[in-house]
Amino acid sequence: MRLLNSLLIIIVSIAVVISYATFISFSEHREYSDTSLDYFLLTPTELSKLSKECEESPAFVYSSADGPKPTIVTLNCTIPVDKLEEQMLSAGFSYVNGFYQKEDVQIQVTNDAKDNAVISVAYLGKN
């Protein structure tokens with residue numbers, strides 16, 4: 001009986017996570033932190049790794065794909081420019097026309113020239 005109850009709990013939990021993942025993937029706009037379930041379901045690996053370099057708590061914004069518009073996930077926090085460049089180059093990205101590019105992924109960076117730091121990183125994903 002315990003096995004049946006445990007199995008039922010596991011099945012219900014998986015169904016809830018799948019339902020939630022489906023719901024958030026159709027949401028047009030979501031804001032979340034690195035401690036939420038959204039972080040694990042929506043954040044690309046590249047931004048997840050970069051968020052570890054943030055000088056304060058990272059904040060994320062997810063915008064869903066729509067027609068020709070790609071999925072955009074933005075990481076908002078302060079990251080030293082040299083740490084961002086090191087992460088991007090070690091992940092195989094090249095800097096081309098104002099974007100870090102790798103295959104069909106582009107990453108756009110917004111700098112704070114005064115502090116020589118990155119304040120926003122936008123991941124423009126696959127269509």
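Strand β5 (residues 99-102) and strand β6 (residues 105-112) run antiparallel and are joined by 4 bridges; strands are DSSP runs of E of at least two residues, helices runs of H or I of at least four, both numbered from the N terminus, and two strands pair if DSSP finds at least two bridges between them. The model is predicted, with local features requiring pLDDT of at least 70 and side-chain atom pairs counted only at pLDDT 80 or more, whereas totals for chains, interfaces and linings use all residues. Residues are numbered from 1 along each chain as its sequence is written, and side-chain values use heavy atoms, with hydrogens and water left out.

K102 has V105 of β6 as its bridge partner. The β5-β6 hairpin has 2 residues between its strands, and E103 in the turn has a positive phi of about 50°. β6 is also joined to strand β7 (residues 117-124) by 7 bridges, again in antiparallel orientation, with D112 opposite A117. In this hairpin 4 residues lie between the strands, and N116 in the turn has a positive phi of about 50°.

A search of the whole structure for disulfides (cysteine sulfur atoms within 2.5 Å) found 1. This disulfide joins C54 to C77, with an S to S distance of 1.9 Å, and is left-handed, with -55° about the S-S bond. C54 lies in the loop between α3 (45-51) and β2 and C77 in strand β3 (residues 72-80), so the link ties together parts 23 residues apart in sequence. C54 is buried at 14% relative accessible area, as is C77 at 5%; buried denotes under 20%, exposed over 50% and partly exposed in between (1.4 Å probe, protein chains only).

S63, in strand β2 (residues 59-63), is likewise buried, at 18%. Beyond its neighbours within four places in sequence, S63 contacts (heavy atoms within 4.5 Å) E28, H29, K69, P70, T71 and I72.
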